[in-house]
Amino acid sequence: MNYFRKMKKELFEELKTSLLELSHIGSAMALLHWDQEVYMPKNGAEFRAKTLANLAGIMHEKFVSKEFEKLLKQISKLEKNNELNKNETIIFSEIWRQFSREKKLPLEFVRDLTETCSNAQSVWAEARKKSDFKIFLPFLEKIVELKRKEAELVGFEDSPYDALLDEYEPQMTSQEVSIIFYELKEFLVDFLKKIKKSKIKINPTILNGKFETEKQKKFNEFVIGKMGFDFGCGRLDTSTHPFSTSFNPEDTRITTSYDEKNLFYSLSSAIHETGHALYEQGLLSENFGTPLGESISHGIHESQSRIWEKIVGQNINFWKYFYPKLKKEFSQPFEKISLEEFYKNINYVKPSLIRTESDEVTYNLHIILRFEIEKDLIEGTIEAKDLPKIWNSKMKEYLGVNVPNDASGILQDVHWSGGSIGYFPTYALGNLYSAQIFDAAKKDILNLEKEFALGNFEHFREWLRNKIHIHGKNFSANGLIKEITGEELNSKYFIDYITDKYKNIYEL
Ligand code: CO
């Protein structure tokens, strides 16, 4: 063993030990967050927030400490001398990327941003309750100012928005997103007009009924078990807002929430979160603590939830298998509804005010609108005070919907109040990735959709696991998409998927 090799081995062991320490703190924090949403009594909130803030502080200090910096700089020398193998290079580059970003943000700035956002969130909640944007405006102005500052501190080439987007979808630029979204918007606005003119009228209220929560829960468990959710390595619980989190590949938690009148409310969330959970459960335990044991990006994560929730979970073949079972459990109202009728109803399209309640045709328009607005805000071409006007006119233009008040318009999402600017596009990117990935799966697996009709999801799940999950951050998002589909991300696959599916449903 030569001198460099030996040193490299020791340095890398040291790096892995430090990263493991950080990951274990991260796991503890995730557990505290989960508990906060699922079990914590209401009076626990104040102390819990302090506990989490303290742990976040410990993590930050460890991560930007002098010792850690020294270690990274030593490894960086090895990297420059081409002394690192492929996996080591991936681990080092990703940690270096995160470290550099965090190092560029002075502690004072981070404190200011954290405090502003924590105050802004309760102000936003109040503003939404009163449906009055003016209450939230000064806080939003401050957040935009701070996020512009953040972009400057982090650095960017073309648009300051790139520096913010990079946190959620590394390596993606706002220009790439703009091009892809523009094509998508052109298609969707036009396609939606055709659907509105269709003679087919769907009334999804026929799917409403009285569904006991306990019975719904059993059915949800049955469905997600079939999808391959490993109950030995995860749990399904209840919370106000459905979410998923993971402490490690062997303990992943998902939640849903129940509406006794509408069983799809909990079921579609359970399927969505299971898609996220299968990704987390598919990461390799031996890579825990390094980027090789982490998901690629928000967009790729969302592709895994949306592929199951929408492309599979609202596919006629999925229901060829599950519908007879649903009918058996809930004879009312499904007894009298045929599979075909049921299928049309769960895929009902209607432009609406609220993003989270929108269907798969209109959903991306909600996202494109938010992307355009936040990009313009950060680039300084529009001002926060004009947002309600801009929002409402875009809603009219893209979706044909009149916004009656701020609560169901500009104030509906929590993201901006929490400082999450640059997050929204990852939802739509997730949809685009999912369609492109599904197309590749269909080419690889003969009779894929016929397997769904027989209740066999194993092939598909294993395909996702082998193509995506087990690799962790071995690929960039675009690298992964090129590897799987042979092409860069584009909107063609999503457009084709939507066209085929809804031409049939709405007889266009
Ligand atoms: Co999701």
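This is a predicted model: local features need pLDDT of at least 70, side-chain atom pairs count only at pLDDT 80 or more; totals for chains, interfaces and linings use all residues.
Residues are numbered from 1 along each chain as its sequence is written, and side-chain values use heavy atoms, without hydrogens and water. Local features need pLDDT of at least 70 and side-chain atom pairs count only at pLDDT 80 or more, whereas totals for chains, interfaces and linings use all residues.

Colleague: Which residues coordinate the cobalt ion?

Modeller: Donors are N, O and S atoms within 2.8 Å of the metal (3.2 Å for Na, K and Ca); water is not among the atoms, so sites may look incomplete. Along the chain, the donors of the cobalt ion follow the spacing H-x3-H-x25-E. At 2.2 to 2.3 Å, the coordinating residues are His272 (NE2), His276 (NE2) and Glu302 (OE).

Colleague: Is Ser159 buried or exposed?

Modeller: Ser159 is placed in the loop between helix H6 (133-154) and helix H7 (160-168). Buried means under 20% relative accessible area, exposed over 50%, and partly exposed in between (1.4 Å probe, protein chains only). Because its relative accessible area is 5%, Ser159 is buried.

Colleague: With the side chain of which residue does the side chain of Ser159 make a polar contact?

Modeller: A polar contact is a pair of N or O atoms within 3.5 Å; within protein, one must be able to donate a hydrogen and the other to accept it, and residues adjacent in sequence count only if both atoms are side-chain atoms. The side chain of Ser159 reaches the backbone nitrogen of Tyr161 at 3.0 Å. Its side-chain partner, at 2.6 Å, is Glu379.

Terms used
Helices (H or I, at least four residues) and strands (E, at least two) are DSSP runs, numbered from the N terminus.
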